[in-house]
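Subject: Structure handover and notes

Hello,

The sequence and coordinates follow directly below.

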Amino acid sequence: MAAGNEWINGYLEAILDAGVKLRSQQAGTPLALPQLLPAPALAESAVAAAAYSPTRYFVEEVVSRFDDRDLHKTWTKVVAMRNSQERNNRLENLCWRIWHVARKKKQVEWEFSRQLERWRLEQELGSREAAEDLSEGEKDKPDGAGPAQPDQHQQSRFARINSDARIVSDEEEEEESKDGRNLYIVLVSIHGLVRGENMELGRDSDTGGQVKYVVELARALAATAGVHRVDLLTRQISCPDVDWTYGEPVEMITQPSDADAGSGGGGGSGAYIVRLPCGPRDKYLPKESLWPHIPEFVDRALAHVTNVARALGEQLGAPGAGDSGSAATQPVWPYVIHGHYADAAEVATHLASALNVPMVMTGHSLGRNKLEQLLKLGRMPRAEIQGTYKIARRIEAEETGLDAAEMVVTSTKQEIEEQWGLYHGFDPKVERKLRVRRRRGVSCLGRYMPRMVVIPPGMDFSYVDAQDLAEGDGDLQALISRDKAKKPLPPIWSEVLRFFTNPHKPMILALSRPDPKKNVTTLLKAYGESRHLRELANLTLILGNRDDIEEMSGGASTVLTAVLKLIDRYDLYGQVAYPKHHRQTDVPHIYRLAAKMKGVFINPALVEPFGLTLIEAAAYGLPVVATKNGGPVDIIKALHNGLLVDPHDAPAITDALLSLLADKARWLECRRNGLRNIHRFSWPHHCRLYLSHVAANCDHPAPHQLLRVPASPSSAAAADPSADESLSDSLRDLSLGISVDASHDLKAGDSAAAIMDALRRRRSTDRPASSNRAIGFAPGRRQSLLVVAVDCYLGDGQPDVEQLKKTIDMALSAGAATGGRVGYVLSTGMTIPEAVDALRACGVDPSGFDALICSSGAELCYPWKDLAADEEYSGHVAFRWPGEHVRAAVPRLGKADGAQEVDLAVDEAACSVHCHAYAAAGASKVKKIDSIRQSLRMRGFRCNLVYTRASRRLNVIPLSASRPRTLRYLSIQWGIDLSKVAVLVGDKGDTDRERLLPGLHKTLVLPGLVARGSEELLRDEDGFVTEDVVAMDSPNIVTLAEDQAPADILKAI
């Protein structure tokens, strides 16, 4: 009946048996074939409390393993044998339904292949266009000409000398320590349960190898010479479901060294886990639910890093830029900010942009790779994948990280070529061309690709007992008979050995999560089907921790149930160990036991991004067998301690295990090779290589380019007796708008730092008289800010003066009773002249505002000083700005199919140094933001894009410029806590409106003021939704009624 394959019959019978059991439990409820995976609307609750479903398991086995034609033949056969028995009738119906599931799977696979082909064609077009432009630039360079100057707008920091990493030796490291380098490094890893000791690895899918990696990296970096402090930022969780330690704000994971303590620098040195609250404080959130709360985390992280940088500057006595003789100190800004995984990469992007410091990212696992695998499986349509995994939001965060990253750390070359190569923001061919051009000093024509570097993760070898390794061939009887042991044996040994009938045999060890991707069932089938392997060795499976399989998540329970069934099928009792529990501290003892039993470690995963367990096993002298897909290729190549196999080929797995277990000479050779070469994966080696790459590949700002912040109140009072002077005066001192006559203190040949220093020391007599008005309001001494970000435009894109006046009057009335403690900021997509004209049309004096954020964040103006763009802010956002190189590309890539040239044309009057403005004919004539950004990324251009003025204008601005980022910049410059900032927005607005809503600030939504917005041009239908960006139920977001009084704004603040 099974169309020539008895497996189908077996699976169908198993499904029916499961149905009988289900009916008995549900008191006669009719059998219903469950969904393969939860629907998007029920995704969160289903994932959190999914019970094991044997029906789902067998249906997936049938759908994935058999062709739909065989299923159709089976159904035909069943129909031909129809009789009155209920079981046969149900079998007929079941075959028909599963056949349709298989057909749907094939359709999803076909749609995915078409979409992938279209995407690859577009990527190839962008790559070819970028490569041709770069090649033409080389040809146009005259023979014998010197190197071209780097792009003026793109190089806001000093250009790096070369791109080749040089490994720092121990001697150089010691010299750097003597030279007094005090580096501050920030690591970010948001999701999961992170603590320094007793890590609960495997507790859930978010608490795995990444948690262990970042904690050990922080500890190892803090122990590296020249590094003063390392902060690991993660989410604070005060929830009854988890241990109280995850709610502690700070955890020290390394003690300051005696040398640091003796030099007076030990107060803030060492490594710390810093937990910052974001989202609901009493709830543990999976990583898929964290996305709307990331802006709040960024705001709190920015405040923490700023405070630590200022404190370290005061503690270490770092002189201010150009102020070597003054009492002022410059904050010790992070040497690098390193984001781990997509969510933390987005956090690191915002932090690095706000502080003007280098950003590095590590993907760990990538969204595009996961999406491709899920679509190939064909079990879920794209919409269901998006609802369950928020995959589009994750991919955009990874693309954003690529935009800002100076360097991307990978574990293997395979990760670069086969995983990062799927992203719009990285093209290996274009990256190589750009690297060559940078080495030669040739302009990159505004294009940028991050540098990918391979740095294998390190390992903490402190748990490895060298004496124990030397005694690796000790008496096995001591392991079996505890009364004969010379010293107490680890309890986990007896827990494992109790499973075996003959514990003297060598051990095959597999250690992983109970995840289908880890492919443990294929290993078990290979073991069960080989009599020689069963006679030669025992098998130990360490598959996380469990209490009740039926209470575990779907994937884990499916794997564990399949393991138990296979053990029973092959009658492997007494030959396979599968303990229910183990602690993280037991893992080293498990490796030791396998090594003493002359065993082999195996990692048969379908794809292994790196393979840290292979390194751990090698450190204990275990030869290894590993999958040939992914990181193990590089590990085995470096260690020469094992064999690679096809994880789908059970006979190949059997042969590899037999070749190591049966050949003792080969076993010893692999053991010695692993122990000899394991130092390549030590944490000290990793950290030296890491810092060497950071130094070579990251553009660190020069001293005069570092972000300046107000000193803390105590240090400011000590340094300046006239501390009550308005900060507006200090802001004027920072002005770069100086005339030649006023620069008599500058000399020809002065260094850039000296020039910047002279500009900052300008006296008030050099200022225009019109700025004296600012002394009255003391901007920068405000206790809070009201930010008007309501995008009021008419249908033709002109400002809606009536509604704008209503909004501004409401804000001014709300702050009038505070006695000057509340300042006002206008945040808009208009240019500075347009914003000034709009304010005057409303009858408002522009100088009454502390700041104007214009051109969607590309320009910042202090109208109480002058009506020009602030030069210091312009320098702050200029990094990686492609300038004129991108200007002509946007109209060509942004017009909709069939649109005319005039439908998206340059608006010269609205353009500025850091904003290319384009007049748009309407929403139907132009492409959406995501589509244009994707095309620009493929060509190496990194920009932010905003539709404003009711979709009538497109602003293309620098990567570091946006309205939310300008607010963070002002909060740092003026020392105002973001929790004291209120942002007024409409219920519609520009395409960047949704980014203004979340964060630590208060957001007040004023309905009915905006007639028409631009948000229809933000994303395509298959993109993520607003709920993935902002949590509208946040207590920081308040929607006011149309008739509420201005006083209600103050109450909301």
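In these notes, buried means under 20% relative accessible area, exposed means over 50%, and partly exposed is in between, with a 1.4 Å probe and protein chains only. This is a predicted model, in which local features need pLDDT of at least 70 and side-chain atom pairs count only at pLDDT 80 or more, while totals for chains, interfaces and linings use all residues. Residues are numbered from 1 along each chain as its sequence is written, and side-chain values use heavy atoms, with hydrogens and water left out.

Salt bridges

A salt bridge here is a side-chain nitrogen of Lys or Arg within 4 Å of a carboxyl oxygen of Asp or Glu. That rule gives 42 salt bridges. Helices (H or I, at least four residues) and strands (E, at least two) are DSSP runs, numbered from the N terminus.

- Glu535 and Arg531 pair with their closest N and O atoms 2.8 Å apart. Because they are four residues apart in helix 20 (residues 531–536), about one helical turn separates them. Glu535 is partly exposed at a relative accessible area of 48%, and Arg531 is partly exposed, with a value of 48%.
- A network of salt bridges with shared partners joins Arg195, Glu200, Arg203 and Asp243.
- Asp299 and Arg968 form a salt bridge at 2.7 Å, N to O. Asp299 belongs to helix 9 (residues 294–316) and Arg968 to helix 37 (residues 963–974), so this pair ties together parts 669 residues apart in sequence. Asp299 is buried, with a relative accessible area of 4%, and Arg968 is buried at 9%.
- Asp1028 and Lys390 form a salt bridge with the closest N and O atoms 3.7 Å apart. Asp1028 sits in the loop between strand 24 (1002–1006) and strand 25 (1037–1039), and Lys390 in the loop between helix 12 (382–389) and helix 13, so that the pair links distant parts of the chain, 638 residues apart. Asp1028 is buried at 5% relative accessibility, whereas Lys390 is partly exposed at 24%.

The buried residues of helix 12 itself are Glu384, Ile385, Gln386, Gly387 and Thr388.

Helix packing

Axes are lines fitted to C-alpha atoms, for helices over the stretch in contact, and angles run from 0 to 180 degrees between N-to-C directions. Angles under 35 degrees count as roughly parallel, over 145 as roughly antiparallel, 65 to 115 as roughly perpendicular, and the rest as oblique. A crossing is left-handed if the near helix is turned anticlockwise from the far one by less than a right angle, and right-handed if clockwise. Contact means heavy atoms within 4.5 Å.

Helix 10 (residues 341–355) packs against helix 13 (residues 391–404) at about 45°, with the axes 8 Å apart. Helix 10 is therefore oblique to helix 13, and the crossing is left-handed. Tyr341, Ala342, Glu346 and Thr349 of helix 10 are in contact with helix 13, through residues including Arg393, Arg394 and Ala397.

Helix 9 and helix 10 pack at an angle of about 45°, with axes 10 Å apart. These two helices are therefore oblique to each other, and their crossing is right-handed. Among the residues that meet are Phe297, Val298 and Leu302 in helix 9 and Val347, His350 and Leu351 in helix 10.

Regards
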